Amino acid sequence: MSAVGEQFDESKLWTGRRVHFVGIGGCGMSGLALVAAQLGATVSGSDTKRSIFFDSLHDTGLIELHLGHDTGNLPAAGEIVYSSAIRSDNVERAAANERGLTELHRSALLAQLTRMNRTIAVAGAHGKTTTAALLAYVLDQAGLQPTYIVGGLLRKPALHARAGAGRLLVIEADESDRSLLDYAVNIALITNVDLDHVGDAGGYESKDDVADVLARFAKGADLTVGSQQAADELGERLPELVTAVPARTANPTAFVLDDETYDLSLPGWHNAENAALVVRVARELGCSPEAIREALATFPGLARRFELRGHTTNGAKVFDDYAHHPTEVAAVLQAARSVTTGRVIAVFQPHLFSRTQQFTTEFAQSLTLADVTYLEPIYPAREDPAAWDHVSSLDIATALPGSGFHYATDRSALATDLATHTESGDAIVLVGAGDITLLAEQIVTG
């Protein structure tokens, strides 16, 4: 395999560079900003509200942060980095344009990093964040000191990005706006192929459309590793894909790959399937089976990825998960079933009206894996509720008549209900990419 950027002096790109991030609190933007600062750039950024990522940047003390968008936040000179969520009429972007400041989409800055390092990019509809974080952790524990940027905070050290001393870069390659096609990739991981982001900038129309983009993403890589599902979906588009298919063991948190047994700190067979991809790549990079095995068993996990937030006063476990696609919802509920002796109680907050409309029936089918399901109103994110008043969480309930789903419009009343009608052995799973995570603070005791 070729190594990228072996003779490149990164200080020439970063030292003295002035970069301002508009929307710095996003998971991708914040990680990129932190790595830029650690590499020597002077970095500032703004966002309309705090987030766990915004707060993690604040705790590092490396970045000048502003709450709210204002022209006064802009540097006198330098570059402006923005994400797809920040429109061109944003007050800071508009002012930067008037002043002649250079603008870069987030993916363009990330693409610069990929060209300077031997880049391992994780793509796929589901599992990108956990897989990329697990890979970065394994490589780091094996002494390779990678740079990494992932979309979820590692519970320890509560960061999701770092500039490492090695020449390896681990990133998520997000297909939502097709920006993954801009990256220079040495090793590609493809967790799975599924349809999502129908209403986003990527404008996907079918699973075949997604498969075409993922195949183009991996075509130039020296090595592509993927799941069996990814291989089946990509077929002749990517015949060079190497599969890593784990075998089950009697232990639900262990798997076998190539006659080696690995214990995994994460429940759920979907995590074992993704960990097998990590093992294959880590071996390719020279990590010993012993180092890989120890890292998989000690991986601390990510915030909002089947995160145990605590217990109710009655002893029910409360888990928090970012799942927002039917496939992901099913996987997290199956994982919950594997770690509880009681009922699985799902509280689902759909994310985006367009996604809810696209997958109404699929969401309903996934949620039947829980014993009890509460549906919260849709979290609109970037969509205008007034334009989507014909779509509701109730659509999910009516998609399967007799499903017995409960519609919960009052979160305080829901918290009381959950605290009162659960017991030790039950698992309450908060599911969704919106602010459903805040419910945990209302129902967890101590």
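Where does Arg237 lie? Arg237 is found in the loop between α8 (228–234) and β12; helices (H or I, at least four residues) and strands (E, at least two) are DSSP runs, numbered from the N terminus. The model is predicted, and local features need pLDDT of at least 70, side-chain atom pairs count only at pLDDT 80 or more, and totals for chains, interfaces and linings use all residues. Residues are numbered from 1 along each chain as its sequence is written, and side-chain values use heavy atoms, with hydrogens and water left out.

With a relative accessibility of 26%, Arg237 counts as partly exposed; buried means under 20% relative accessible area, exposed over 50%, and partly exposed in between (1.4 Å probe, protein chains only). Setting aside neighbours within four places in sequence, Arg237 is in contact with Asp208, Ala211, Asp212, Ala215 and Lys219, where contact means heavy atoms within 4.5 Å. The side chain of Arg237 makes a polar contact with that of Asp208 at 3.4 Å. A polar contact is a pair of N or O atoms within 3.5 Å; within protein, one must be able to donate a hydrogen and the other to accept it, and residues adjacent in sequence count only if both atoms are side-chain atoms. The Arg237 side chain also reaches the backbone oxygen of Glu233, at 3.1 Å.

Strand β12 belongs to an open sheet of seven strands, ordered β8-β7-β9-β6-β10-β11-β12, with mixed pairing. Its edge strands are β8 (161–162) and β12 (242–243), each of which pairs on one side only. Two strands pair if DSSP finds at least two bridges between them. Strands of a sheet pair through backbone hydrogen bonds, either parallel or antiparallel. β7 (residues 147–149) and β8 are antiparallel, over two bridges, and Tyr148 stands opposite Arg162 in β8. Helix α7 (residues 207–218) packs on this sheet and touches β6 (118–123), β10 (187–190) and β11 (223–226). The direction of α7 makes about 160 degrees with that of β10; axes are lines fitted to C-alpha atoms, for helices over the stretch in contact, and angles run from 0 to 180 degrees between N-to-C directions.

The C-alpha atoms of Arg237 and Gln442 are separated by 49 Å, and the two residues are 205 residues apart along the chain.

In this part of the chain, β18 pairs with β21 in the parallel sense over five bridges, with Ile345 opposite Ile428 in β21. β18 also pairs with β19, again in the parallel sense, over four bridges, and Ala346 stands opposite Thr373 in β19. Two bridges join β19 to the parallel strand β20 (residues 406–407), where Tyr407 is the bridge partner of Leu375.

In a regular strand the side chains alternate between the two faces of the sheet. On β18, Val344, Ala346 and Phe348 are on one side and Ile345 and Val347 on the other, and all are buried. Since five of the five residues of β18 are buried, this strand is largely enclosed by the rest of the structure. On β19, Val372 and Tyr374 point one way, Thr373 and Leu375 point the other way, and all are buried.

Helix α15 (residues 411–420) has Arg411, Leu414, Ala415 and Leu418 buried. These residues lie on the same side of α15 because they cover an arc of only 100 degrees around the axis, the arc being that of the directions from the helix axis to the C-beta atoms. The buried residues of α15 pack against β18 (344–348), β19 (372–375), β21 (427–431) and α16 (439–443).

Which side chain does the side chain of Glu376 meet in a polar contact? The partner is Arg411, at 2.6 Å. Glu376 is in the loop between β19 and α14 (394–399) and is buried, with a relative accessible area of 3%. Apart from neighbours within four places in sequence, the contacts of Glu376 include Val347, Phe348, Tyr407, Leu414 and Ile436.

The cysteines remain. A disulfide is a covalent bond between the sulfur atoms of two cysteines. The structure holds zero disulfides, on the criterion of a pair of cysteine sulfur atoms within 2.5 Å. Cys27 counts as partly exposed, at 32% relative accessibility, whereas Cys287 is buried, with a relative accessible area of 8%.
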